[in-house]
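Welcome! The notes below will walk you through it topic by topic.

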Amino acid sequence: MASTRVAVVTGGNKGIGLAIVRALCKQFKGDVYLTARDPKLGEASVKKLHEEEGLTSHFHQLDITDLQSIRTLRDFMKKKYGGIDVLINNAGIAFKVADPTPFHIQAEVTLKTNFFATRDVCTDLLPIIKPHGRVVNVSSMVSQRALAKCSQDLQEKFRSETITEDELVTLMETFFDDPKNENRSEEGWPNTAYGVSKMGVTVLSMIQARKLTNTFTKERGADGILLNSCCPGWVKTDMAGDKAPKTPDQGAETPVYLALLPNDAEGPHGQFVIEKKVVKW
């Protein structure tokens, strides 16, 4: 089975994630894995795709906030497929605007899921991405808006082309270091936990792409792996609400475009992409 290509979508049981799985089932030449935290929900989505649309996908449990769950998936993919050809990091959360949960709790939960857990997935799965593999980290245009509301000092740090992963982690940790985040505005942070979490995802993707390029050039030659972050747009989902103009299938278009870049493509790599176009960070 190591010769069979495989694509993995995190948070794939509903919304944009499910739409990405649907599109890959139609366009990707290989096995497509829908992953979800809850096996019942994940398996139900796989069954529904098959029964209602005739599409074949596979299920594997994955809780991105659980290191053991990530490593179980890694070991399975390595043993059965020899690695992963396409990885789309879609799983994430967002609190509703009217949610009464204290902001400091929202900040901690949101960043730990959207940024730190996504980073954990990449730490364990990037080493098993196959040559010419594609990695897509789903971010948001909200990351741009959040960046614009940061202080000049923070903007320079988040836009730095030499920022390291450790430096980025330290920055993200400072956002919820204060037990009640009472000083976040004074320290130059915007008042959006979701926006800051996606700022982290966007910048992390740039760092990861740079590390991939440097490592492969020095140690393994040109493996042709392309890694990018993207915004699917404002999509009608449980997270974004009913007023959004895009359907989940429309929201899946840019992530799937990046996931299916041809083998001879030299880019985009390490970019932030909206509507299939590279945008300035």
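A residue is called buried when its relative accessible area is under 20%, exposed when it is over 50%, and partly exposed in between. By that rule, 51% of the 281 residues of the chain count as buried. Please keep in mind that this is a predicted model.

**The chain as a whole**

- The secondary structure comes to 10 helices and 8 strands.
- The chain exposes about 13,600 Å², and carbon and sulfur atoms supply 50% of that area.
- Among contacts with a separation of 6 or more, 74% are accounted for by residues 24 or more positions apart.

**The sheet**

- In what order do the strands line up? The 8 strands form an open sheet that reads β3-β2-β1-β4-β5-β6-β7-β8, and the pairing is mixed.
- Strands β3 (58-61) and β8 stand at the edges with a single partner strand each, so one side of each has no neighbour in the sheet.
- From one strand to the next, the twist averages 30°.
- As a reminder, strands of a sheet pair through backbone hydrogen bonds, either parallel or antiparallel.
- Helix α2 (residues 39-53) lies across β2 (31-36) and β3, and α2 runs at about 170° to β3.

**Strand β4 and its partners**

- Strand β4 (residues 84-89) has 6 of its 6 residues buried, so β4 is largely enclosed by the rest of the structure.
- On one side, β4 is joined by 3 bridges to strand β1 (residues 6-9), and the two run parallel. In this pairing, alanine 7 stands opposite valine 86.
- Strand β5 (residues 129-138) is also parallel to β4, and 5 bridges join them.

**Salt bridges**

- How many salt bridges does the structure hold? There are 13.
- Arginine 22 and aspartate 249 meet through their side chains in one of them, at 2.8 Å from N to O. This pair links distant parts of the chain, 227 residues apart: arginine 22 sits in helix α1 (residues 15-27) and aspartate 249 in helix α9 (residues 248-251).
- Why does arginine 22 count as buried? Its relative accessibility is 17%, and the cut-off for buried is under 20%. Aspartate 249, at 41%, counts as partly exposed.
- Glutamate 275 and lysine 246 form another salt bridge, at 2.7 Å from N to O. Glutamate 275 is in the loop between β7 (272-274) and β8 (277-279), and lysine 246 is in the loop between β6 (226-231) and α9, so the pair ties together parts that are 29 residues apart in sequence.
- In that pair, glutamate 275 is partly exposed because its relative accessibility is 44%, whereas lysine 246, at 15%, counts as buried.
- The side chains of aspartate 75 and arginine 74 meet in a salt bridge too, at 3.0 Å from N to O. Aspartate 75 is partly exposed, with a relative accessible area of 41%, and arginine 74 counts as partly exposed at 22%.
- Which residues make up a network of salt bridges? Arg71, Arg74, Asp75 and Asp124 are linked in this way.

Methods:
Residues are numbered from 1 along each chain as its sequence is written. This is a predicted model: local features need pLDDT of at least 70, side-chain atom pairs count only at pLDDT 80 or more; totals for chains, interfaces and linings use all residues. Side-chain values use heavy atoms; hydrogens and water are left out. A salt bridge is a side-chain nitrogen of Lys or Arg within 4 Å of a carboxyl oxygen of Asp or Glu. Helices (H or I, at least four residues) and strands (E, at least two) are DSSP runs, numbered from the N terminus. Buried means under 20% relative accessible area, exposed over 50%, partly exposed in between (1.4 Å probe, protein chains only). Two strands pair if DSSP finds at least two bridges between them. Contact means heavy atoms within 4.5 Å. Accessible areas come from the Shrake-Rupley method with a 1.4 Å probe; for residues, only the protein chains shown count as cover. Axes are lines fitted to C-alpha atoms, for helices over the stretch in contact, and angles run from 0 to 180 degrees between N-to-C directions.
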